[in-house]
Amino acid sequence: MYYKEIYHLFYQHSPKGAVWGNIVWTHSISKNLINWVALNPTIYPSKPFDMNGCWSESTTILPGNKPVILYTRLNPQNRQVQNYVVPANLSDPYLREWIKPDDNPLVVPHPEHEHEHIS
(Lines give C-alpha, C1' and ligand atoms only; values in the text may rest on other atoms or scores of the structure.)
Protein backbone atom coordinates (compact mmCIF):
# COMPACT_ATOMS: atom_id res chain seq x y z
CA MET A 1 0.00 0.00 0.00
CA TYR A 2 1.25 3.52 -0.77
CA TYR A 3 0.18 6.19 1.74
CA LYS A 4 1.56 9.71 2.22
CA GLU A 5 4.68 8.98 0.15
CA ILE A 6 5.51 5.84 2.15
CA TYR A 7 5.25 2.23 0.92
CA HIS A 8 3.68 -0.16 3.43
CA LEU A 9 4.14 -3.92 3.32
CA PHE A 10 1.98 -6.10 5.56
CA TYR A 11 2.89 -9.78 5.81
CA GLN A 12 2.42 -12.86 7.95
CA HIS A 13 5.14 -13.57 10.47
CA SER A 14 5.60 -16.24 13.11
CA PRO A 15 7.63 -14.57 15.88
CA LYS A 16 8.30 -17.91 17.61
CA GLY A 17 9.81 -19.56 14.54
CA ALA A 18 8.45 -22.23 12.23
CA VAL A 19 5.66 -23.25 14.59
CA TRP A 20 2.06 -22.93 13.43
CA GLY A 21 -0.39 -21.14 15.69
CA ASN A 22 1.17 -17.83 16.68
CA ILE A 23 0.95 -15.95 13.37
CA VAL A 24 0.82 -12.16 13.43
CA TRP A 25 0.60 -9.60 10.63
CA THR A 26 3.62 -7.41 10.78
CA HIS A 27 4.38 -4.16 8.98
CA SER A 28 7.42 -2.74 7.21
CA ILE A 29 7.80 0.65 5.55
CA SER A 30 9.99 2.08 2.79
CA LYS A 31 10.48 5.34 0.94
CA ASN A 32 12.21 3.72 -2.06
CA LEU A 33 11.17 0.00 -2.17
CA ILE A 34 14.82 -0.94 -1.52
CA ASN A 35 15.44 -0.07 2.13
CA TRP A 36 12.81 -1.31 4.57
CA VAL A 37 12.21 -0.65 8.27
CA ALA A 38 10.23 -3.18 10.32
CA LEU A 39 7.56 -1.75 12.62
CA ASN A 40 5.55 -3.44 15.37
CA PRO A 41 3.00 -6.06 14.33
CA THR A 42 -0.24 -4.58 13.02
CA ILE A 43 -2.71 -7.43 13.51
CA TYR A 44 -2.52 -10.08 16.20
CA PRO A 45 -5.09 -11.63 18.56
CA SER A 46 -5.82 -8.70 20.86
CA LYS A 47 -9.59 -8.76 21.33
CA PRO A 48 -11.87 -11.51 22.65
CA PHE A 49 -13.34 -11.96 19.16
CA ASP A 50 -9.85 -12.94 17.88
CA MET A 51 -9.55 -15.97 20.15
CA ASN A 52 -9.15 -18.29 17.12
CA GLY A 53 -6.46 -16.18 15.44
CA CYS A 54 -6.09 -13.49 12.77
CA TRP A 55 -5.69 -14.90 9.28
CA SER A 56 -5.69 -13.65 5.68
CA GLU A 57 -5.60 -9.91 5.21
CA SER A 58 -5.74 -7.31 2.49
CA THR A 59 -5.31 -3.56 2.46
CA THR A 60 -6.91 -0.75 0.50
CA ILE A 61 -7.40 2.98 0.55
CA LEU A 62 -11.01 4.11 0.95
CA PRO A 63 -12.40 7.36 -0.45
CA GLY A 64 -11.03 10.33 1.46
CA ASN A 65 -7.52 8.75 1.52
CA LYS A 66 -8.41 6.47 4.46
CA PRO A 67 -6.41 3.22 4.71
CA VAL A 68 -8.16 0.12 5.97
CA ILE A 69 -7.10 -3.48 6.51
CA LEU A 70 -9.54 -6.37 6.17
CA TYR A 71 -8.69 -9.69 7.81
CA THR A 72 -10.28 -13.09 8.29
CA ARG A 73 -10.83 -14.79 11.59
CA LEU A 74 -12.91 -17.72 12.84
CA ASN A 75 -15.86 -17.08 15.09
CA PRO A 76 -16.65 -19.41 18.03
CA GLN A 77 -18.55 -21.70 15.61
CA ASN A 78 -15.42 -21.99 13.38
CA ARG A 79 -17.01 -19.96 10.58
CA GLN A 80 -14.97 -17.41 8.67
CA VAL A 81 -15.87 -13.78 9.28
CA GLN A 82 -14.25 -10.61 7.96
CA ASN A 83 -12.98 -7.92 10.34
CA TYR A 84 -11.44 -4.54 9.68
CA VAL A 85 -8.85 -2.33 11.32
CA VAL A 86 -8.22 1.38 10.82
CA PRO A 87 -5.25 3.63 11.58
CA ALA A 88 -5.29 5.22 15.01
CA ASN A 89 -3.86 8.43 13.54
CA LEU A 90 -4.41 9.31 9.86
CA SER A 91 -1.79 12.06 10.09
CA ASP A 92 0.96 9.50 10.88
CA PRO A 93 2.49 8.63 7.46
CA TYR A 94 4.07 5.51 9.01
CA LEU A 95 0.69 4.15 10.19
CA ARG A 96 2.35 2.77 13.32
CA GLU A 97 -0.83 2.06 15.30
CA TRP A 98 -4.08 0.41 14.18
CA ILE A 99 -7.43 0.02 15.95
CA LYS A 100 -9.91 -2.86 15.79
CA PRO A 101 -13.36 -1.29 16.08
CA ASP A 102 -15.76 -3.10 18.40
CA ASP A 103 -18.42 -3.32 15.66
CA ASN A 104 -16.49 -6.19 14.03
CA PRO A 105 -17.13 -8.48 12.24
CA LEU A 106 -17.87 -6.58 9.07
CA VAL A 107 -19.01 -9.63 7.05
CA VAL A 108 -20.56 -12.83 8.43
CA PRO A 109 -21.78 -16.03 6.72
CA HIS A 110 -25.27 -15.97 5.26
CA PRO A 111 -27.75 -17.60 7.70
CA GLU A 112 -28.53 -20.45 5.28
CA HIS A 113 -24.86 -21.53 5.55
CA GLU A 114 -24.73 -21.51 9.37
CA HIS A 115 -24.43 -25.28 9.51
CA GLU A 116 -21.21 -25.24 7.45
CA HIS A 117 -17.96 -25.38 9.41
CA ILE A 118 -14.32 -25.13 8.49
CA SER A 119 -12.37 -28.26 9.24
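**Entry 1: salt bridges**

A salt bridge, as I use the term here, is a side-chain nitrogen of Lys or Arg within 4 Å of a carboxyl oxygen of Asp or Glu. I was working on a predicted model, in which local features need pLDDT of at least 70 and side-chain atom pairs count only at pLDDT 80 or more, while totals for chains, interfaces and linings use all residues. I noted too that residues are numbered from 1 along each chain as its sequence is written, and that side-chain values use heavy atoms, with hydrogens and water left out.

How many salt bridges does the structure hold? I found two. I reminded myself that side chains of opposite charge can pair when their charged atoms come close.

I looked up Asp102 and Lys47, whose side chains form a salt bridge at 2.5 Å, N to O. Asp102 lies in the segment after strand S8 (98–99) and Lys47 in the loop between strand S4 (37–43) and strand S5 (57–62), so this pair ties together parts that are 55 residues apart in sequence.

I then checked accessibility, where buried means under 20% relative accessible area, exposed means over 50%, and partly exposed lies in between (1.4 Å probe, protein chains only). Asp102 is exposed at 64%, and Lys47 is partly exposed at 26%.

My other pair was Asp92 with Arg96, a salt bridge of 3.1 Å, N to O. Asp92 is buried, with a relative accessibility of 10%, whereas Arg96 is exposed at 51%.

**Entry 2: strands and sheet**

I went through the secondary structure and recorded zero helices and eight strands, so that the elements, read from the N terminus, run β-β-β-β-β-β-β-β.

Strands of a sheet pair through backbone hydrogen bonds, either parallel or antiparallel. I counted two strands as paired if DSSP finds at least two bridges between them.

In which order do the strands of the open sheet of four stand? I wrote down S5-S6-S7-S8, with antiparallel pairing. S5 and S8 stand at the edges with a single partner strand each, so one side of each is left without a neighbour in the sheet.

Inside this sheet I followed S6 (residues 66–74) and S7 (residues 80–87), which run antiparallel and are joined by six bridges; Leu70 has Tyr84 in S7 as its bridge partner.

I also looked at S3 and S4, which pair in the antiparallel sense over four bridges, with Ser28 opposite Ala38 in S4. Their hairpin has six residues between the strands, and Leu33 takes a positive phi near 65° there.

**Entry 3: Ser30**

Ser30 lies in strand S3 (residues 24–30). Is Ser30 buried or exposed? I found Ser30 to be buried, with a relative accessible area of 3%.

What does the side chain of Ser30 reach? I noted the backbone nitrogen of Asn32 at 3.0 Å and the backbone oxygen of Asn35 at 2.8 Å.

Taking contact as heavy atoms within 4.5 Å, and not counting residues up to four places away in sequence, I saw that Ser30 touches Ile6, Tyr7, Asn35 and Trp36.

**Entry 4: the whole chain**

Among contacts with a separation of 6 or more, 40% come from residues 24 or more positions apart.

Conventions. Helix = DSSP H or I, 4+ residues; strand = E, 2+ residues; numbered from the N terminus. Polar contact = N/O pair within 3.5 Å; in protein donor to acceptor, adjacent residues only side chain to side chain.
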